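The structure is shown first.

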Amino acid sequence: MKDQILDILSDIVDDDVESCMTLIDDGILSSLDIIQLIGALNDEFDISIPATEIIPQNFNSVDAMVAMVERLADE
């Protein structure tokens with residue numbers, strides 16, 4: 001799953017994001033990037049990310065995104 005998310009991110013941003021823990025805080029991901037990312041994650045993992053999950057903590061790192069997707073996939 002982590003590799004899939006990294007592939008999605010590589011299509012959205014040019015930076016190396018694998019070990020970055022501050023994708024939002026450092027401005028690596030813009031609000032438009034987040035919208036694109038949400039759509040790609042929804043499609044790739046057959047989930048629906050609700051508005052309540054669209055918070056910086058869930059998108060600040062690849063590991064946080066993996067945790068969010070796993071949690072939503074289990075629901």
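## Nonpolar core

A nonpolar core is a set of buried Ala, Val, Leu, Ile, Met, Phe, Trp, Tyr and Cys residues joined through side-chain atoms within 4.5 Å. Buried here means under 20% relative accessible area. The model described is a predicted one.

The largest nonpolar core holds 25 residues, and the members that touch the most other members are I5, L37 and L41. Two or more residues come from each of the elements α1 (2-12), α2 (31-45) and α4 (62-74). The most is given by α4, which provides six residues. In soluble globular proteins, nonpolar side chains tend to be buried together.

## Contacts of L37

Leaving aside residues up to four places away in sequence, L37 touches I8, L9, I12, L29, F59 and M65. L37 is also one of the residues with the most contacts to other members of the core.

## N42 in helix α2

Helix α2 contains N42. The relative accessible area of N42 is 19%, and the limit for buried is under 20%, so N42 counts as buried. Beyond residues up to four places away in sequence, N42 is in contact with I47, S48 and I49.

D46 lies in the loop between α2 and α3 (56-59). Its phi is positive, at about 50°, although D46 is not a glycine.

The relative accessibility of D46 is 72%. Exposed means over 50%, and D46 is therefore classed as exposed, whereas N42 is buried.

Notes. Residues are numbered from 1 along each chain as its sequence is written. This is a predicted model: local features need pLDDT of at least 70, side-chain atom pairs count only at pLDDT 80 or more; totals for chains, interfaces and linings use all residues. Side-chain values use heavy atoms; hydrogens and water are left out. Buried means under 20% relative accessible area, exposed over 50%, partly exposed in between (1.4 Å probe, protein chains only). Helices (H or I, at least four residues) and strands (E, at least two) are DSSP runs, numbered from the N terminus. Contact means heavy atoms within 4.5 Å.
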